[in-house]
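The entries follow the order in which I looked things up.

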Amino acid sequence: MPPAKWLMHWHPNPGATLNSQILAEACGCAESLGGTKDGRWKTSIFFYRPIARETSASGAQQQQQPPDVPRELLGVALHERPGLYFSILRTQRLVLQADAAFPQVMEKLQSYKGRVALNFEGFQYQLGDFCLRIGKCVPNNSETLRGIMMEVEYYPLSSIEKSRAIMVDFFDIWQETLAKKTLPGRFIHVESNFAEFGLSDHYSYQHTAVQYAICLQQLMTAVRS
């Protein structure tokens, strides 16, 4: 069972823009707290849309989406579980775990087509009982910065409730350390309602996939605001 984890995204101040210096300063904070760099990591999110079917009406060909098919499907490939693939239907509050070959199955069934891929990638730091992953969000085959985020894992506990107080304390220390840099923004943790997705208090990789979907939504909102 994986340890409890929080995902946080960078929320810029009004009028401020994203830049790689913010990422560098955040990594510097991890090291100033005693974190030891421990390699790189990468998680990817894929956006899918239903494949429209051709129908004939009055002799004209029309593109029509299949009825009762969700308009959006998210795919998540987690760095810590390369053999698995997670599919999320946000409006239906469903998260499914499948083999890593699942995208090829969807392609052969001609049900959904991949439209956009976003990569979350950066450096991992070991800090006592904690593991920090700080990274950028960029489109596939591009270096355009779409967001900055971080993962915090607490190794001793898998219970979300039991680890909450420790996570809050760590996040407070992190925010105090980062505030000394006077950066134009801050990291925000948005609480996920895991119960809506049928997930229990015991942390799983499905919890991480759901957090990435919610984090992505918050990142896009933060960039637009």
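I began with β2 and β8, which pair in the antiparallel sense over 13 bridges; strands here are DSSP runs of E of at least two residues, helices are runs of H or I of at least four residues, and both are numbered from the N terminus. Two strands count as paired if DSSP finds at least two bridges between them. In this pairing I found threonine 36 opposite glutamine 126 in β8.

Before going further I noted that this is a predicted model, in which local features need pLDDT of at least 70 and side-chain atom pairs count only at pLDDT 80 or more, while totals for chains, interfaces and linings use all residues. I also noted that residues are numbered from 1 along each chain as its sequence is written, and that side-chain values use heavy atoms, with hydrogens and water left out.

**The sheet**

I then traced the sheet as a whole, which is open and has nine strands in the order β7-β6-β5-β2-β8-β9-β10-β1-β11, with antiparallel pairing. Its edge strands are β7 (94-99) and β11 (185-189), each of which pairs on one side only. From one strand to the next the twist averages 25 degrees; axes are lines fitted to C-alpha atoms, for helices over the stretch in contact, and angles run from 0 to 180 degrees between N-to-C directions.

Next I followed β8 into β9 (residues 130-139), and I counted 10 bridges between these antiparallel strands. Phenylalanine 123 has isoleucine 134 in β9 as its bridge partner. Helix α1 (residues 20-32) packs on the sheet and touches β1 (4-12), β2, β8, β9, β10 (147-154) and β11, and its direction makes about 170 degrees with that of β9; touching means contact, with heavy atoms within 4.5 Å. Helix α2 (residues 102-109) also packs on the sheet, touching β2, β5, β6, β7 and β8, and makes about 55 degrees with the direction of β6.

I looked at the hairpin of β8 and β9 as well, where two residues lie between the strands and glycine 128 takes a positive phi near 60 degrees.

Four of the five residues of β11 are buried, where buried means under 20% relative accessible area, exposed over 50% and partly exposed in between (1.4 Å probe, protein chains only).

**Arginine 133**

Is arginine 133 buried or exposed? I found this residue in strand β9, and it counts as buried because its relative accessibility is 6%. Its side chain makes a polar contact with the side chain of glutamine 124 at 2.8 Å, and another with the side chain of glutamate 153 at 3.2 Å. A polar contact is a pair of N or O atoms within 3.5 Å; within protein, one must be able to donate a hydrogen and the other to accept it, and residues adjacent in sequence count only if both atoms are side-chain atoms.

**The nonpolar cores**

I turned to the largest nonpolar core, which has 29 residues, and in which Ile45, Ile88, Phe120 and Tyr212 have the most contacts. Such a core is a set of buried Ala, Val, Leu, Ile, Met, Phe, Trp, Tyr and Cys residues joined through side-chain atoms within 4.5 Å. The elements that each supply at least two of its residues are β2 (36-50), β5 (73-77), β6 (84-89), β8 (112-127) and α4 (205-224), and the largest share, nine residues, comes from α4. A second, separate core has 25 residues, including Cys27 and Leu132.

**Aromatic pairs**

How many aromatic pairs does a search of the whole structure find? It finds eight; rings of Phe, Tyr and Trp (its six-membered ring) pair if their centres lie within 6.5 Å, and planes under 30 degrees apart count as stacked, over 60 as edge-to-face and the rest as tilted. Tryptophan 6 and phenylalanine 171 form an edge-to-face pair, 6.3 Å centre to centre with 75 degrees between the planes. Tryptophan 6 lies in strand β1 and phenylalanine 171 in helix α3 (residues 160-179), so this pair ties together parts that are 165 residues apart in sequence.
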